[in-house]
Amino acid sequence: MKAFKLFAAATLFLSTTCVPVMAEEISFATEPTFPPFEFMQDGKIVGFEIDLINAVGKVQGFTPKIEPMPFDAILPAVMGGLQEAAISGISKNPEREKKVLFSDGIAVAGQGIMIHKDLEGQIHHMEDLKDRKVCVQLGSVGAEIVKGIPGASMVTFNTMPEAYMELKKKGCDAAVTGTPVHQYYLASTNDQDLVYVKESIVKSVELGIITRKGNEDLINRLNEGIKKLKDSGEYAKLEKKWLPE
């Protein structure tokens with residue numbers, strides 16, 4: 001009887017110590033048509049922010065679950081608890097900070113203009129978009145900027161690739177979005193029809209990861225992970241890989 005008890009105890013010990021511990025899974029919403037931050041490649045979601053959150057998860061002991069959705073649905077999904085967090089080229093601004101918690105900054109992006117080559121030399125700055133038709137992504141900082149330009153008419157799209165296609169067809173005079181998006185598009189496609197207007201940059205904004213109000217524990221874990229990556233040099237490697245100068 002004693003031997004049986006010892007055998008049972010040993011079996012229980014092995015069953016509880018040999019089971020692999022699964023890493024905690026945390027959902028992150030993203031809109032995967034925003035290169036170089038997140039986009040589809042060979043059937044997978046890749047990009048700067050995807051590599052970044054995977055690296056943060058590795059050093060902080062969780063597995064990110066990337067959940068694609070339209071950009072304008074991300075904030076409500078996080079606020080309502082349908083998604084625990086989001087990483088999707090989300091810029092910090094006072095209005096958003098009233099609704100969600102932001103992590104420390106993970107990138108800085110100015111807003112710039114892309115034009116069709118046929119308009120080269122005619123558009124240099126945002127004020128030159130007065131009384132012109134401008135393509136933007138729905139809910140973006142670019143859309144906010146264009147709203148403030150007198151006489152500019154805004155054509156909205158769910159994704160920037162759609163906006164660029166409209167610009168190529170001359171359905172609008174310009175497209176406004178983050179400068180890394182313009183630069184990566186041209187570098188990755190070698191598109192000869194579109195021209196990035198370097199002197200047009202305005203309103204540099206900080207991008208961050210968001211979660212719902214009250215979830216300070218997650219924000220603290222994210223901030224700690226971001227700091228670890230910056231201190232180790234891993235962040236600089238990701239920046240060099242994905243964000244063109």
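Biologist: What makes Glu67 and Lys65 a salt bridge?

Modeller: Bear in mind that this is a predicted model. The closest N and O atoms of Glu67 and Lys65 are 3.4 Å apart. The cut-off is within 4 Å, so the pair counts as a salt bridge.

Biologist: Why is Glu67 called partly exposed?

Modeller: Its relative accessibility is 22%. Buried means under 20% and exposed means over 50%, so a value in between is partly exposed. Lys65 gets that label too, with a relative accessible area of 38%.

Biologist: How do you know that Asp51 and Lys241 meet in a salt bridge?

Modeller: The N to O distance is 3.0 Å. The rule asks for within 4 Å, so the pair passes.

Biologist: Which parts of the chain does the pair of Asp51 and Lys241 link?

Modeller: Distant ones: Asp51 sits in helix α2 (residues 48–60), and Lys241 in helix α9 (residues 234–242). They are 190 residues apart.

Biologist: Why does Lys241 count as exposed?

Modeller: Its relative accessibility is 54%. Exposed means over 50%, so the label follows.

Biologist: What makes Asp118 and Lys170 a salt bridge?

Modeller: Their closest N and O atoms are 2.4 Å apart. Asp118 lies in the loop between β8 (107–116) and β9 (133–137), and Lys170 in the loop between α6 (160–168) and β11 (174–178), so the pair ties together parts 52 residues apart in sequence. Asp118 is partly exposed, because its relative accessible area is 43%.

Biologist: How many salt bridges are there by this rule?

Modeller: The count is 13. Some join up: Lys117, Lys168, Asp191 and Asp193 form a network of salt bridges.

Biologist: What makes β9 and β10 a strand pair?

Modeller: There are 5 bridges between β9 and strand β10 (residues 153–157). At least two are needed, so the strands pair. They run parallel. Val134, for example, has Met154 as its bridge partner in β10. The chain goes from β9 to β10 through helix α5 (residues 141–147), a right-handed β-α-β crossover.

Biologist: What lines the largest pocket?

Modeller: The lining has 19 residues; closest to the centre are Phe71, Arg96, Gly139, Ser140 and Glu144. The pocket volume is about 300 Å³. Helix α3 gives the most to the lining, with 5 residues.

Biologist: How many lining residues of the largest pocket are nonpolar, polar or charged?

Modeller: The lining divides into 9 nonpolar, 4 polar and 6 charged.

Methods:
Residues numbered from 1 in each chain as written. Predicted model: local features only at pLDDT ≥ 70, side-chain atom pairs only at ≥ 80, totals over all residues. Heavy atoms only, no water. Salt bridge = Lys/Arg side-chain N within 4 Å of Asp/Glu carboxyl O. Helix = DSSP H or I, 4+ residues; strand = E, 2+ residues; numbered from the N terminus. Buried < 20%, exposed > 50% of the residue type's maximum accessible area, 1.4 Å probe, protein only. Right-handed = clockwise from strand over helix to strand, strands pointing away. 1 Å grid on protein atoms, 1.4 Å probe; cavity = no way out; pocket = protein on both sides within 12 Å on 5 of 7 lines; lining within 4 Å. Points joined across faces, edges and corners; volume = space filled by probe spheres on them. Nonpolar A, V, L, I, M, F, W, Y, C, P; charged D, E, K, R; others polar.
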